[in-house]
Amino acid sequence: TPKVMTAASLVGAAALVFAGALAVLSLRAPSQLQASALRHHTPVRRSVAPNLGIYGKGLSTRRASANREGLSMGSRCAQRSARAYAAGAAAEFPSLKNDLVIRAATGQQTERVPIWMHRQAGRYLPEFRNFSDRFPFMHRCSTPEIATRLTIQPVERYGLDAAIIFSDILVLLPVLGIEWGMVKGKGPCVQEPINTPEDLVRVSSPSEADIKSELGYVMEALTRSRMELDGRATLIGFSGAPWTLLGYMVQGEGAKTTQAVKAKGFLYQHPEAAHQLLTTITDTVILYLVEQVRSGAQMVQVFDSWAGELTPSQYAEFSTPYLKTIATGVKEKLKEQGLPQVPVSVFPKGACSHALKDLAQSDYDVVSLDWGIDPAVARQQAPNKVLQGNLDPSILYLPKEVISTHTQKMIDSFGTQRYIANLGYAVDKSMDPELVGSFVDEVRTYSTILNKQTQPEPVAA
C-alpha cells in the first residue's frame with residue numbers, strides 16, 4: 001500500500017524546494033542583484049536626525065525608525081542572508097590548526113615564515129575567472145556563497161597560511177550614506193561626491209545595528225569562510241582607512257588617473273570639515289572591524305590604499321591620528337564585548353618611508369610594508385612591531401630562479417621571526433599562477449631551512 005505524505009512532510013518538502021530555488025537564483029540571476037540600488041544608480045533616501053556640527057546641519061545620524069524609499073546594497077543583501085548570518089554568528093568555530101600567522105603577528109616563535117598575499121583571490125587564477133566571467137563584481141561581493149568560495153580558492157591552490165575575505169573597501173560607503181558603483185572602463189565611481197562642507201549633511205553616522213543590517217552579507221561570508229577553512233588558515237577581515245575612504249567620497253573615483261587632486265584640495269581648503277568627516281569614518285571602521293571579529297575574522301587589516309597620495313605633513317595630520325584611533329578603538333571594544341583579542345594590522349601603501357616611525361607608536365600589532373622601504377630601515381624604525389611584506393610584485397613576472405633569488409634576499413633582510421611574508425602591494429590579474437606559486441614555495445622552503453640554521457633548538461626539560 002503506498003504511503004500517504006502527511007501535511008507536515010509536504011510543507012517540509014516544499015520548503016526544501018523553495019530554498020534550493022533561492023540558491024540557484026543567487027548564482028544564476030545576478031541581474032536582479034545588480035539592478036537599481038545594488039548598482040547604486042538609485043539614491044537611498046534616509047530619514048535622519050541632525051547631529052549638529054561646526055557647519056550647522058552637520059553629519060546626519062539615522063533614526064532607528066528610518067523610512068527609506070530605497071534599499072542600499074547592504075540592506076538588500078542582508079535581507080537575503082540575515083537568517084543564515086544569525087545562525088552562523090552563534091555557532092562555535094573550528095579550532096585553528098595552522099596558527100603560523102597568529103603566532104608571527106603576536107611575536108611568538110614560528111618554525112618558518114608564514115605567507116599570504118594582498119589580492120590573492122583574483123583574476124590571475126582560472127578558478128576565480130570561472131566566477132568573474134559569469135557574475136558582476138558586486139554580485140560576487142554580496143553573495144556569501146560566492147565570496148566564500150573566492151576567499152578559499154588561493155588557500156586550496158597554494159596552501160597559504162591566511163585567507164583574506166573577498167570583499168571591497170568601498171562596501172562601507174553606502175552605510176555612510178554615500179552610494180557608489182562599478183563603471184566599465186573607470187572602476188569604482190561615487191554617485192554624488194562630497195564637494196563642499198555643506199555636503200556633510202548627506203553623511204550618516206551608522207550604529208552597530210546599521211553595520212549588522214546593511215553589511216550582513218559580509219558577516220555571513222566571514223562566518224561561512226571560517227567554517228569551511230576548518231582551521232587550515234587564519235581568516236583575515238579588513239576595512240579601508242579613513243583617509244582612503246574620504247578620498248573616494250570626495251574625489252568620486254580612483255586616484256590612479258586623478259592623483260587625488262580634488263580630495264587633497266578638500267583637505268587644504270576645508271581642514272575642519274575633513275577632520276569631522278574623518279572622525280565619523282573612523283568610528284564606523286571601528287564598529288565594522290569589531291563586527292567582523294564577531295563573525296569569524298581572526299585578524300583584521302586596515303588598508304590605506306591612498307596613503308602615498310599625501311605629503312608627509314598631510315599624512316601626519318589627516319591619516320596617522322585616525323589610524324591610531326582605529327587600532328586602539330578596536331582593541332578596547334573587543335575587550336568590552338568579550339570578543340577575542342585578534343591581531344590588528346595596517347598597510348599605509350606608498351607612505352611607509354615616512355609614516356612607519358609614527359605608526360610604530362600605535363596599538364597595531366603588524367605593519368604591512370610597501371616595496372619603497374628597506375627591511376633593515378623598517379626594523380630600525382619599528383623594532384617593536386611585527387613586519388609584513390614587501391616583495392616588489394613586478395618580480396613575479398620574471399623567471400623562477402630570479403623570483404627565488406629575490407625572495408631569499410627579502411627573507412634574509414627581515415629574518416624569520418616577527419615577520420609575515422607578503423608582496424609590497426598586490427597580485428595582478430596578468431600574473432602567471434605558476435610563478436606566483438613559486439614565490440609561495442620559496443618562502444616556505446627557504447625560511448624553514450634558514451630558521452633551522454639561525455634559531456637555537458629548544459632545550460628539553
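Here are a few worked exercises on the predicted model above.

Ground rules: residues are numbered from 1 along each chain as its sequence is written, and side-chain values use heavy atoms, leaving out hydrogens and water. As this is a predicted model, local features need pLDDT of at least 70 and side-chain atom pairs count only at pLDDT 80 or more, while totals for chains, interfaces and linings use all residues.

**Exercise 1. Get the overall picture of the protein chain.**

Step 1: count the elements, taking DSSP runs numbered from the N terminus (helices are H or I with at least four residues, strands E with at least two). You get 18 helices and 11 strands.

Step 2: check burial (buried is under 20% relative accessible area, exposed over 50%, partly exposed in between, with a 1.4 Å probe and protein chains only). Of the 461 residues, 55% count as buried.

Step 3: look at contacts (heavy atoms within 4.5 Å). Taking those between residues at least 6 apart in sequence, 76% join residues at least 24 apart.

**Exercise 2. Is Thr148 buried or exposed, and what does it touch?**

Step 1: find Thr148 in helix H7, residues 144-158.

Step 2: Thr148 counts as buried because its relative accessibility is 1%.

Step 3: leaving aside residues up to four places away in sequence, Thr148 touches Ala221, Arg224, Ser225 and Glu228. A polar atom of the Thr148 side chain lies 3.5 Å from the backbone oxygen of Ala221.

**Exercise 3. Which residues does Val290 touch?**

Step 1: Val290 sits in helix H12, residues 271-294, and with 2% relative accessibility it counts as buried.

Step 2: not counting residues up to four places away in sequence, Val290 touches Val330, Lys333, Leu334, Gln337 and Leu339.

Step 3: Val290 and Gly329 are 39 residues apart along the chain, yet their C-alpha atoms are separated by 9.3 Å.

Key:
A polar contact is a pair of N or O atoms within 3.5 Å; within protein, one must be able to donate a hydrogen and the other to accept it, and residues adjacent in sequence count only if both atoms are side-chain atoms.
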